[in-house]
Each structure stands twice: as structure tokens, then as C-alpha cells.
Amino acid sequence: MRGIASEIKILSPKNLKEALQFLSKENSSKLHWKVLAGATDLAVEFNAGKLKHHQLINIWPLRQELNKIKFSKTGVTIGAMATFTEIQNDLGINKYFPNLAAASRLVGGVQIQNRGTIGGNIANASPAGDSLPALLAYDALLNIQDSDGSRKIPITEFYRGYKDLNLFPRELIVSVEIEFKKHGTRHYFRKVGTRQAQAISKVVAAGTVQGKTSIQAVTFCLGSVGPTPLRCEKLEKYLTCPEVELPIRDRSVIDGARQTVTLDISPQDDIRSTKSYRLFASQGLVEDFLTSYFRPSRIFIKDRP
Amino acid sequence: MKIQFTVNKKKYSLDVSPMTRLLDALRNNLGLTGAKEGCGEGECGACSVIVDGEVVNSCLIPVCQVQKSTIKTVEGLSSGENLTVLQESFTRFGGAQCGICTPGILLATQNFLDLWKKKKGGKVPGEAEIREALAGNLCRCTGYTKIFLSVKKALRNTPRPERN
Ligand SMILES: Cc1cc2nc3c(=O)[nH]c(=O)nc-3n(C[C@H](O)[C@H](O)[C@H](O)COP(=O)(O)OP(=O)(O)OC[C@H]3O[C@@H](n4cnc5c(N)ncnc54)[C@H](O)[C@@H]3O)c2cc1C
Ligand code: FES
Ligand code: FES
């Protein structure tokens with residue numbers, strides 16, 4: 001059954017300060033008011049009659065305050081309300097953080113990208129969220145605020161279990177911070193879905209590699225293969241070893257990597273895919289990552305208005 | 001709550017629940033039935049309208065989020081009987097069959113072309129770019145080929161209206 005609009009109360013604060021004060025007052029003990037950003041997740045729930053919350057705090061009016069993408073000497077700070085259109089159109093993001101640009105281009109279609117925010121993607125915490133492996137692989141930090149102050153946490157500490165977040169109901173995510181990667185870092189992003197656009201991922205992967213003759217540092221993250229988007233720590237450890245020569249041609253290393261990634265993930269059957277396919281695809285992505293990253297950028301950076 | 005916005009250059013003030021879908025406000029309160037409901041889940045793009053210069057799915061927009069916005073629906077594309085070049089092209093080259101997806105496709109295309117022109121000037125977008133721009137719009141009839149053809153024809157040669 002469809003949601004009934006007249007049953008939903010909405011408050012639209014004028015600015016961040018007002019929003020945080022309101023949340024501190026109303027949500028300090030329990031979540032009474034649910035945050036509404038671009039609504040591309042929540043409105044779907046509402047339309048399907050599945051929205052559990054009857055009181056929403058509409059932060060869309062805070063966009064001017066929270067949508068800036070700012071570069072500094074050390075990296076970038078992306079406002080939580082930057083849309084995927086804004087992120088993919090940012091030249092600096094394309095240049096320095098191509099995995100995030102690629103992920104932004106693959107979220108839904110244009111209509112969804114125009115409204116869906118990165119903060120919403122992070123807080124919605126779908127294991128399939130496309131920007132999440134990219135952010136994890138870049139060691140992103142989240143800036144979280146309440147009316148008393150702010151805190152900064154690595155995004156890996158934000159996800160504690162399926163939709164179980166390190167976030168109090170009185171808090172808002174205000175921005176995401178990413179440090180520049182070392183010069184020469186290779187970036188890798190791939191989404192496996194039913195069709196090219198407007199399809200939720202069956203598996204999504206992001207990674208980075210540093211090093212010329214052997215791997216100095218590597219990150220590899222997967223989505224849709226566990227209760228949260230995850231870092232493949234065992235795989236990373238396996239690969240960070242001076243004996244692994246670059247470029248990787250040694251079949252035993254590749255096979256070892258394919259084997260190791262299975263220890264990092266716990267894929268399940270669901271409406272979009274099966275456990276066995278996800279396992280198979282994850283191993284394929286690991287091999288693709290290892291064998292193709294040293295070719296010129298695999299990320300298709302297209303110029304789009 | 002009171003919502004004020006501009007639709008197709010006309011100012012409106014409505015008294016509706018803030019969670020009312022923009023799609024319903026347009027269709028039920030303003031009688032603008034160009035935007036269609038295909039899925040109600042953001043998947044099909046039949047409800048596409050342009051809000052403050054960006055194409056969005058009106059089935060996913062609570063009306064409180066368009067306070068003071070400027071909106072364009074398919075009804076605002078043509079001026080009276082005079083269709084736009086794009087609309088002419090769709091009618092001429094089979095880009096529209098049953099027509100359910102057409103308002104959304106026209107608006108998504110028009111929005112894409114306007115933004116493209118702003119950024120790229122006279123350069124003509126290729127098929128890949130057009131496909132990407134229309135990825136959020138599903139069509140059950142045309143198989144898309146004629147939609148892309150109509151867009152490309154509109155870009156290449158301004159189709160001549162066939163009028164007696
Ligand atoms: C047709 C369709 C296709 C889609 N395709 C994809 C896809 O390919 N890949 C993908 O990853 N996602 C996809 N999505 C999901 C969705 O678009 C994204 O998750 C989007 O980033 C959500 O952002 P939003 O601003 O719309 O969030 P909302 O729906 O407004 O909110 C989502 C959640 O985040 C919370 N929240 C939002 N902002 C904040 C904040 N600043 N601080 C704290 N909490 C906050 C809300 O309370 C809510 O729980 C799709 C959705 C649709 C409808
Ligand atoms: S009806 Fe809105 S996207 Fe299908
Ligand atoms: S013309 Fe019928 S859905 Fe596109």
C-alpha cells in the first residue's frame with residue numbers, strides 16, 4: 001500500500017545550526033525525526049508504504065551550506081549534500097579521485113544523480129551503495145556534527161553491521177574528507193550490474209595501488225558481498241609483500257589472491273544476485289584489478305555536461 | 001502547508017501536505033497531466049520534470065522540497081501549437097509510440113542538450129552521450145532506436161514541420 005502524505009510531518013530548517021539544534025532537542029534520547037536529504041531512498045520507501053518514520057527533518061534547504069567541494073593542500077572536503085552530478089562534474093575529483101567520479105556516474109540515471117547526495121548514500125548504508133567502496137579504498141574520513149561540536153572518524157569505523165551505524169540520531173554527516181594519494185597511484189573502479197545504468201550493483205569494486213616494481217601499498221574494497229561495504233584486509237595483506245613483483249604476471253600470485261579474497265567476503269543470495277555468482281564475480285574483479293591496473297587508466301573518464 | 005512555485009512560467013500557491021509528491025501536485029492540483037506515473041519508484045523516468053534547471057523524477061520529490069522552485073513540465077516545452085525542434089523530430093521519426101515515456105524523454109533530452117550547449121557550445125553530442133543522458137528513462141515500445149534517431153535528427157538537421 002502507498003504511503004499517505006497527510007500522515008507525515010515535515011520540518012524544514014533554514015540552516016545547519018537550526019537543524020542541529022532541533023535534532024539535539026528532539027532526537028537526543030531516540031530517533032523521533034528522520035533526516036530527509038535528496039529523498040531518492042526515502043521517497044521510494046514512502047511511495048511503497050514502507051517508511052517507518054512519520055516525522056521528517058528536511059535538510060534539502062541546507063544544500064547551499066553543505067554541497068561544496070573544496071580542495072586544500074592535503075586533499076578534498078566534499079559537503080555531505082553534494083549530489084552525484086556535482087561530484088562527477090568536478091574536475092579535481094575526476095583528476096585526483098577518479099574512482100569516486102566513476103562511482104558517481106554509475107549511480108542510477110541522471111535524474112537520480114541530480115538529487116541523490118553522497119551523505120545519503122553513506123547514511124543509507126546499503127551494502128551495494130556505489131560510492132562506498134570508492135570512499136573506503138581512499139581511506140575517507142567523515143565529519144559528523146551535533147549542536148555541541150564535531151567529530152571525525154574513518155569511514156571504516158562508521159559501519160558496524162548491516163545498517164548499524166556509528167551515528168547518533170541527533171547528528172548529521174556534514175562532509176567527507178579524502179587525502180591526496182601519492183603521485184603515481186593507480187585507481188581501479190568497476191561495477192557489475194544487470195545493465196549499464198540504473199541498476200543496483202551485484203558486486204562493486206574499488207582499489208588503489210602504489211609502487212613501481214613491487215606493491216608498496218594497496219587497497220581493495222567490495223560492495224554487495226557482505227552486510228556492509230568492506231575492505232578486503234586479508235587480500236591487501238597478502239598483496240603487500242616485496243616478493244610480489246609488478247606488473248603481476250605470476251599465475252600463482254593471481255590464484256592466491258583469488259583464493260584470499262574469499263576469506264574477506266560473505267556474499268548472500270538476494271533478489272539481485274546469488275551467493276555463488278557474487279563469489280565468482282569478486283574473484284574475477286580481483287584478477288581484473290591485478291592484471292589491468294598497470295595499463296593506462298582503466299577508468300573511463302568521460303566529459304559530461 | 002503553503003507551497004509557492006513557478007510552473008511553466010506561471011506562479012502557483014498551493015495548500016498541500018509537505019510530503020505530497022510533486023507528481024501528484026502537478027497532476028491533481030494543477031491539472032498538468034504530462035508527467036506520467038510509470039513505476040513510482042524512481043526507475044522509469046516517465047514522471048521526469050525539470051526543477052531549477054535539472055531533470056528529476058517528480059515521483060520522488062516531496063513538494064516541500066520545491067518551495068520557490070522553478071519547474072518546467074512537458075506542457076511548457078512548446079509555445080502553443082508550435083512544437084520544438086525536438087518534439088517535431090519525435091513525431092516525424094517514430095520516437096513516440098504509445099507516448100507514456102515521451103514527456104519524460106523529451107524533458108530529459110532537452111535538459112541534456114541545454115546543459116551540453118552551455119558547456120560545449122556547437123559540438124554535437126554522440127550516441128554514447130545521448131544514451132547516457134537517457135539511461136534513466138525507460139520505454140516499452142520503441143526499442144530506443146527510434147528515440148535516438150529522433151534526437152540525432154533533431155541535432156543534425158532541423159526537421160521541417162510538415163504542415164499544409
Ligand atoms: C531508481 C534508483 C536508482 C538508484 N541507483 C543507485 C545506484 O546505482 N547506486 C547507489 O549507490 N544508489 C542508488 N540509488 C539509491 C540512492 O539514490 C542513493 O543511496 C543516494 O545517494 C541517497 O541519497 P539521498 O540524498 O537521496 O538520500 P535520502 O533518501 O534523503 O536519505 C537516505 C538515508 O540517509 C540519511 N541521511 C541523508 N543525508 C544525511 C546526512 N547528511 N546525515 C545523516 N544522515 C543522512 C537519511 O536519514 C536516510 O536514512 C538509487 C535509487 C533509485 C530510486
Ligand atoms: S514514475 Fe517516477 S520514475 Fe517511474
Ligand atoms: S513510446 Fe510507449 S513507452 Fe515509450
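In chain B, the centres of domain 1 and domain 2, taken over C-alpha atoms, are 21 Å apart. Domain 1 covers residues 2-76 and domain 2 covers residues 85-156, with bounds that come from an automatic or database domain assignment. Before I go on, the conventions. This is a predicted model, in which local features need pLDDT of at least 70 and side-chain atom pairs count only at pLDDT 80 or more, while totals for chains, interfaces and linings use all residues. Residues are numbered from 1 along each chain as its sequence is written, chains are lettered from A and ligands numbered from 1 in the order in which they are written, and side-chain values use heavy atoms, with hydrogens and water left out.

Back to the two domains of chain B. Between them, 15 residues of domain 1 are in contact with 11 residues of domain 2; contact means heavy atoms within 4.5 Å.

Now the ligand. Which residues are closest to ligand 1? They are A:Val35, A:Thr40, A:Asp41, A:Thr117 and A:Asp130, out of 35 that surround ligand 1; a residue is counted if one of its heavy atoms lies within 4 Å. Residues from chains A and B surround ligand 1, so the site is shared between chains. By type, the shell divides into 18 nonpolar, 11 polar and six charged residues. Here Ala, Val, Leu, Ile, Met, Phe, Trp, Tyr, Cys and Pro count as nonpolar, Asp, Glu, Lys and Arg as charged, and the others, Gly among them, as polar.

Next, oxygen atoms of ligand 1. One is 2.6 Å from a polar backbone atom of A:Val35, and one lies 2.8 Å from a polar side-chain atom of A:Lys34. A polar backbone atom of A:Leu106 is 3.5 Å from an oxygen atom of ligand 1. On its own, ligand 1 has 980 Å² of accessible area, and the protein covers 95% of that; areas come from the Shrake-Rupley method with a 1.4 Å probe. Strand E2 (34-36), helix H2 (42-47), helix H8 (118-124) and strand E10 (172-179) of chain A are the elements that give two or more residues to the shell. H8(A) gives the largest share, five residues. Helices (H or I, at least four residues) and strands (E, at least two) are DSSP runs, numbered from the N terminus.

Where is B:Thr109? This residue sits in helix H3 (residues 102-120) of chain B. B:Thr109 has a relative accessible area of 1% and is therefore buried, the cut-off being under 20% with a 1.4 Å probe, protein chains only. Its side chain reaches the backbone oxygen of B:Ile105 at 2.6 Å. Not counting residues up to four places away in sequence, B:Thr109 touches B:Leu86, B:Leu134 and B:Val151.

B:Leu86 is also one of the buried residues of helix H2 (residues 85-92) of chain B, along with B:Gln87, B:Glu88, B:Ser89 and B:Phe90. Their cover includes H3 and helix H5 (145-156) of chain B. Just after H2(B), B:Gly94 takes a positive phi of about 75 degrees.

Last, domain 1. B:Thr6 is in strand E1 (residues 2-7) of chain B and counts as buried at 18% relative accessibility. Leaving aside neighbours within four places in sequence, B:Thr6 is in contact with B:Lys11, B:Ser69, B:Thr70 and B:Ile71.

Definitions and conventions. A polar contact is a pair of N or O atoms within 3.5 Å; within protein, one must be able to donate a hydrogen and the other to accept it, and residues adjacent in sequence count only if both atoms are side-chain atoms. Buried means under 20% relative accessible area, exposed over 50%, partly exposed in between (1.4 Å probe, protein chains only).
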